[in-house]
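Welcome! Let's take a friendly look at a protein and the molecules it holds. Have the structure open as you read along.

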Amino acid sequence: LQSYRVLRDMASETRDGVPVSLLLNAGLLADMNHLDETGAEGVGLYRTEIPFMMRATYPDVAAQTEFYARVLDAANGRPVTFRTLDIGGDKALPYLHNVAEENPAMGWRATRIALDRPAMLRHQLRALIMASAGRDLAVMFPMIAQVSEFEAAKRLLDIELARASQRGEPVPETIRSGVMLEVPALAMQFENLLPMVDFLSVGSNDLVQFLFASDRGNPRLEGRYDALSPAVLNFLKGIVEECDTRAVDLTVCGEMAGDPVAAMALIGIGYRRLSMSPANIGPVKAMIRSMAVNGMVEYLEGLLHAPHPSIRRHLRGFARDHGVEV
Ligand code: PEP
Ligand code: MG
């Protein structure tokens with residue numbers, strides 16, 4: 001990590017002058033220290049379920065408010081995108097009755113639970129609103145599969161905002177809401193979705209497992225499918241094109257974003273915002289500062305039409321030949 005320290009205050013910009021925003025994935029208050037350490041622009045994904053999982057009882061609105069306010073204090077003006085509870089499936093809460101499911105990843109989880117148990121989401125949104133009073137609030141809903149689910153979640157956010165106003169409570173200065181793209185079907189609904197959201201964030205961990213119908217946690221399938229495949233990259237490229245056309249902020253916050261080779265490909269297909277674990281910021285920034293977008297775009301053009309299951313080896317070769325640090 002030490003050798004990347006020198007990069008902290010240097011611009012995250014390609015050799016041909018294209019800026020790429022680097023953001024952090026966080027889930028603990030302690031993670032917030034990494035903002036200063038890494039020079040990240042802000043938090044692209046705050047996984048709010050982590051404090052919930054660490055407690056024996058459900059944190060009430062006051063406890064949540066205090067916690068979120070401390071996160072925002074630690075961010076010190078840098079933007080934080082809070083993801084609402086992504087529980088269920090493999091992330092069980094001790095105090096929430098969990099029924100064993102055959103396919104937990106595709107089961108009763110995240111926003112699906114939230115819409116069936118709206119009080120839980122409303123409490124979280126109430127706490128987020130209070131914590132960001134007079135500041136900026138960005139709320140991201142996970143595992144959205146259809147437009148109506150975003151609309152329903154957004155409606156709860158609006159109800160909580162109206163409640164705060166009626167009670168004369170201070171509200172956030174600005175509010176942005178968006179979705180995680182983890183379920184492939186959502187990408188087929190952009191015509192209706194994109195006009196409603198302020199931003200979209202690609203959760204490539206879940207998205208790739210659903211695109212290949214391949215459990216991300218099953219060791220027998222490890223290495224069988226690669227996110228660096230024409231299948232995934234073509235899918236992701238279509239998303240950039242539509243978000244650019246409709247001027248919707250787009251980020252990748254899955255593990256892909258923090259892998260320098262994958263980040264190089266993502267930048268090549270048009271992504272300009274990447275959110276990752278703190279330890280990956282340095283290596284990804286070093287890669288960015290040594291790459292040129294121009295050559296990459298052309299090189300990828302051919303590869304995206306190739307029949308290979310993975311283009312990782314090709315990308316590594318390209319990096320080696322062009323002095324890109326991956
Ligand atoms: C993802 O699915 O890519 C993601 C960022 O969410 P999580 O890893 O928390 O499921
Ligand atoms: Mg996910």
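## Who surrounds ligand 1?

By class, the shell around ligand 1 is made of seven charged, four polar and three nonpolar residues. Keep in mind that you are looking at a predicted model. In total, 14 residues surround ligand 1, and the closest are Arg47, Arg83, Gly203, Asn205 and Arg216.

Where along the chain do shell residues come from? Helix α8 gives the most, with three residues.

## Polar contacts with ligand 1

Now zoom in on the oxygen atoms of ligand 1. The side chain of Arg47 places an N or O atom 2.9 Å from one of the ligand's oxygens. The backbone takes part too: a polar backbone atom of Ser204 is 3.1 Å from an oxygen atom of ligand 1, and for Gly203 a backbone N or O atom lies 3.3 Å from an oxygen of the ligand.

How much of ligand 1 does the protein bury? Taken alone, ligand 1 exposes 280 Å², and the protein buries 98% of that.

## The magnesium ion

Which residues coordinate the magnesium ion, ligand 2? They are Glu182, through OE, and Asp206, through OD, at 2.0 Å. This pair links distant parts of the chain, 24 residues apart. Glu182 sits in the loop between β5 (174-181) and α7 (190-193), while Asp206 belongs to helix α8.

Are these two residues buried or exposed? Both Glu182 and Asp206 are buried. Helix α8, then, carries Asp206 and also gives the most residues to the shell around ligand 1.

Note on methods: Residues numbered from 1 in each chain as written. Chains lettered and ligands numbered in written order. Predicted model: local features only at pLDDT ≥ 70, side-chain atom pairs only at ≥ 80, totals over all residues. Heavy atoms only, no water. Near = heavy atom within 4 Å. Polar contact = N/O pair within 3.5 Å; in protein donor to acceptor, adjacent residues only side chain to side chain. Areas by Shrake-Rupley, 256 points an atom, 1.4 Å probe, with all protein chains shown as cover. Helix = DSSP H or I, 4+ residues; strand = E, 2+ residues; numbered from the N terminus. Nonpolar A, V, L, I, M, F, W, Y, C, P; charged D, E, K, R; others polar. Donors = N, O, S within 2.8 Å, 3.2 Å for Na, K, Ca; no water. Buried < 20%, exposed > 50% of the residue type's maximum accessible area, 1.4 Å probe, protein only.
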